[in-house]
Amino acid sequence: MSTNEGLLDRVIRVIIGLVLIALAVTGRWSPWGWIGVLPLITGLVGFCGLYQILGIRTCPVRTEKRRQS
């Protein structure tokens, strides 16, 4: 399982997740607000299963520099 979410994507997911959970806890939104746990976890981990299935990657590809001896 490799990271497939970029930094901005992860920050947005964490914010949305926290807002949805806060709304569910305060009762200002329906219990469906607990769905905010999903974007929170994927934002913290950096991996989204749906992105994997759809072949989406917002994380920049790292290129390895080889040392020549």
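**Salt bridges and helix packing**

Me: Which helix holds both Asp9 and Arg13?
Reply: Asp9 and Arg13 are 4 residues apart, about one turn of the helix. Helices here are DSSP runs (H or I, at least four residues), numbered from the N terminus. Note that this is a predicted model: local features need pLDDT of at least 70, side-chain atom pairs count only at pLDDT 80 or more, and totals for chains, interfaces and linings use all residues. The helix holding both, with residues 7–26, is H1.

Me: What N to O distance joins the side chains of Asp9 and Arg13?
Reply: Residues are numbered from 1 along each chain as its sequence is written, and side-chain values use heavy atoms, with hydrogens and water left out. A salt bridge needs a side-chain nitrogen of Lys or Arg within 4 Å of a carboxyl oxygen of Asp or Glu. Asp9 and Arg13 make one, with an N to O distance of 3.1 Å.

Me: How many salt bridges are there by this rule?
Reply: Besides the Asp9 pairing with Arg13, Glu5 also bridges to Arg13, at 3.3 Å from N to O. Shared partners tie Glu5, Asp9 and Arg13 into one network. The count by this rule is 2.

Me: Is Glu5 buried or exposed?
Reply: Buried means under 20% relative accessible area, exposed over 50%, and partly exposed in between (1.4 Å probe, protein chains only). Glu5 has a relative accessible area of 2%, so it counts as buried.

Me: How are H1 and H2 oriented, roughly parallel or antiparallel?
Reply: H1 and H2 pack at about 150°, axes 7 Å apart, with axes fitted to C-alpha atoms over the stretch in contact and angles running from 0 to 180 degrees between N-to-C directions. Angles under 35 degrees count as roughly parallel, over 145 as roughly antiparallel, 65 to 115 as roughly perpendicular and the rest as oblique. H1 is therefore, relative to H2, roughly antiparallel.

Me: Which helix has the highest mean pLDDT?
Reply: pLDDT is the predictor's confidence in each residue, from 0 to 100. The protein averages 87, and 88% of the residues score at least 70. Among the elements, H3 (residues 49–54) has the lowest mean, 92. The highest, 95, belongs to residues 37–45, helix H2.

Note on methods
Helix = DSSP H or I, 4+ residues; strand = E, 2+ residues; numbered from the N terminus.
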